[in-house]
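Subject: Structure handover

Hello,

The structure is below for your files.

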Amino acid sequence: MRLGVLDVGSNTVHLLVVDAHPGACPLPAHSHKAELRLAQLLDDDGAIGPHGVDRLVSVIKEALQAAEDKGVEEVLPFATSAVREARNADDVLERVRAETGVELQVLTGSEEARLTFLAARRWFGWSAGKLLVLDIGGGSLEVAYGIDEEPDAAASLPLGAGRLTAGWLPGDPPDPDDVRALRRHVRTEIARTVGEFSRFGTPDHVVATSKTFKQLARIAGAARSAEGLYVQRELKRESLEGWVPRLAAMTEQERAELPGVSEGRAGQLLAGALVAEAAMDLFGVERVEICPWALREGVILRRLDHMESL
């Protein structure tokens, strides 16, 4: 069947259309996305303002039309941290339902981490052994660890690249004092969770997902996306540590000119790099392998597993 996953994230609203059936690898057929940056549209009270809700409704309608055009049989809609943490989340969800017919499932941070872990496990297989999975989104950082398809430990921290950029790095280029303050904040938050994972022992394989990690790997020399999903890509901590001060000295426009960096993501690349560097350092990771699958694929795989069990 042809499934559509509608991901209302902190940065984008992304419809991924796949051809899928139980027991087979879901094959991407179409992608439709719109930059919305919900995490940066919250007002001082933490609510999504009227303009943001208007844009969200409009973008969801466009995505539904794209799904219809592509012959999607079922749409799996979900929302992550930006909607989850909005003060007016219930009102936003009700308006989306009333005007589009879509009932967004709001994932908890733990569910995000677990579904992303499932996707990584299926991509790398059982031979990868104990997996540590890191995922930097627009609103949060997810960490998961385990040897099965369900992680033994999963955590979600409010350390998304979009959220941190809006709250900590107002300048362009950012003030060095602001960068240092954000670096301290990120490391303090991550350090609080390290013990929860370290008690399970050293992972056999460390995996990173998300656009942030993909772009950081690309500027550090990884293969272009045009070379295909199955080319191995990695990011070494040593390379990342060399790039952080360079990114901090750049303007947003200068970052947008780096290989693989989109204009819409350039502004938050530094915050993402600070989170990636801190996570790799504090978890004692020298290199991560980039996983092409992440949360959206995890949602699809969970739905296919459910179909297979019926």
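A search of the whole structure, which is a predicted model, turns up 1 cavity of 30 Å³ or more. A cavity here is a set of points, on a 1 Å grid over the protein atoms alone, where a 1.4 Å probe fits but cannot get out; the points are joined across faces, edges and corners, and a volume is the space filled by probe spheres set on them. The largest cavity holds about 30 Å³. Its lining (residues with an atom within 4 Å of a point) consists of Lys-211, Thr-212, Gln-215, Arg-265, Gln-268 and Leu-269. Helix 7 (residues 211–219) supplies the largest share, 3 residues; helices (H or I, at least four residues) and strands (E, at least two) are DSSP runs numbered from the N terminus.

Strand 7 (residues 141–146) is largely enclosed by the rest of the structure, because 6 of its 6 residues are buried, meaning under 20% relative accessible area with a 1.4 Å probe, protein chains only. Leu-141, Val-143 and Tyr-145 point one way, and Glu-142, Ala-144 and Gly-146 the other.

Strand 7 pairs (at least two DSSP bridges) antiparallel with strand 6 (residues 131–136) over 6 bridges, and Ile-136 stands opposite Leu-141. A hairpin of 4 residues links these two strands. Strand 8 (residues 153–157) also runs antiparallel to strand 7, with 5 bridges, and Glu-142 faces Ser-156 there.

Residues are numbered from 1 along each chain as its sequence is written. Local features need pLDDT of at least 70 and side-chain atom pairs 80 or more, while totals for chains, interfaces and linings use all residues, and side-chain values use heavy atoms, without hydrogens and water.

Regards

Key:
On a 1 Å grid over the protein atoms alone, a cavity is a set of points where a 1.4 Å probe fits but cannot get out, and a pocket is an open set with protein on both sides within 12 Å along at least five of seven lines; lining residues have an atom within 4 Å of a point. Buried means under 20% relative accessible area, exposed over 50%, partly exposed in between (1.4 Å probe, protein chains only).
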